Amino acid sequence: MYDYISGRLMFKSPSYVVIDAGGVGYHINISVNTYSGISEDEKCKLFVWLHVKEDAHTLYGFATEGERRLFLHLISISGIGPNTARMMLSSITPAEIQAAIVSGNVSLIQRIKGIGPKSAQRIILELQDKLKKEGPDTLTVVPVSATVKDEALSALVMLGFARNVAEKVLDQEIKKNNAELTVEELIKFALKTL
């Protein structure tokens, strides 16, 4: 429902922030990783996810889109709720979590409070292929001045295609069509080949 909330930072603690956006104060739960990524400036922007339960609506905020994406991967696993995922993101960095999952490092994930050996193995089993498919750049922010190829590649990865395969196909299409292509045209040509 919400993609991000941007406004004036009214309060900041390691577990939550309050952001005033348009006269409404949003209480947003954050990880320690996000806490360290928020500057002391008045202006603050967090990518958010809304958790809806029968008795509560809770906002979770992230300093980067990549951290939110990893959070959503983690909560997709049975037995890993939003608070456990937030604890994981507070214990070690998102990049370390991703590397541990991709390399199958059960002991590193198991060291996180609240994660036992079975949960660590389940996390690796369910997310290893997904994170390998997305590639190591999944946690990095897409540059604002992205090229047509970058935008097309990002769209194809979001559609579920492997980054390296999609990139090869895009390079072939760009060589084939010497003329300047729009993002939409490039994606359509690539989808015919993929």
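The conversation below sets values against definitions.

Guide: This is a predicted model, in which local features need pLDDT of at least 70, side-chain atom pairs count only at pLDDT 80 or more, and totals for chains, interfaces and linings use all residues. Residues are numbered from 1 along each chain as its sequence is written, and side-chain values use heavy atoms, with hydrogens and water left out.

Visitor: How many helices and strands does the protein chain have, and what makes a stretch count as one?

Guide: The protein chain has 9 helices and 5 strands. Both are DSSP runs numbered from the N terminus: helices are H or I with at least four residues, and strands are E with at least two. Along the sequence, the pattern reads β-β-β-α-β-β-α-α-α-α-α-α-α-α.

Visitor: How do you know that strand 1 and strand 2 pair?

Guide: Two strands pair if DSSP finds at least two bridges between them. Strand 1 and strand 2 (residues 16–21) have 4 bridges in the antiparallel sense, so by that definition they pair. A hairpin of 3 residues joins strand 1 to strand 2.

Visitor: Which partners does R8 have in strand 2 and in strand 4?

Guide: The bridge partner of R8 in strand 2 is D20, and in strand 4 it is K43. Strand 1 (residues 4–12) pairs with strand 4 (residues 43–52) in the antiparallel sense, over 5 bridges.

Visitor: Why is G114 called exposed?

Guide: G114 has a relative accessible area of 70%, and the limit for exposed is over 50%, so G114 is exposed. G114 lies in the loop between helix 5 (106–110) and helix 6 (117–134). The C-alpha atoms of G114 and M87 are 8.1 Å apart, although 27 residues separate them along the chain.

Visitor: How do you know that the buried residues of helix 3 lie on the same side?

Guide: The buried residues of helix 3 (residues 82–91) are P82, A85, R86, M88 and L89. They cover an arc of only 155° around the axis, which puts them on the same side of helix 3. The arc is that of the directions from the helix axis to the C-beta atoms.

Visitor: What makes helix 2 oblique to helix 3?

Guide: Helix 2 (residues 65–75) and helix 3 pack at an angle of about 130°, with their axes 9 Å apart. That angle makes helix 2 oblique to helix 3, because angles under 35 degrees count as roughly parallel, over 145 as roughly antiparallel, 65 to 115 as roughly perpendicular and the rest as oblique. Axes are lines fitted to C-alpha atoms, for helices over the stretch in contact, and angles run from 0 to 180 degrees between N-to-C directions.

Note on methods. Buried means under 20% relative accessible area, exposed over 50%, partly exposed in between (1.4 Å probe, protein chains only).
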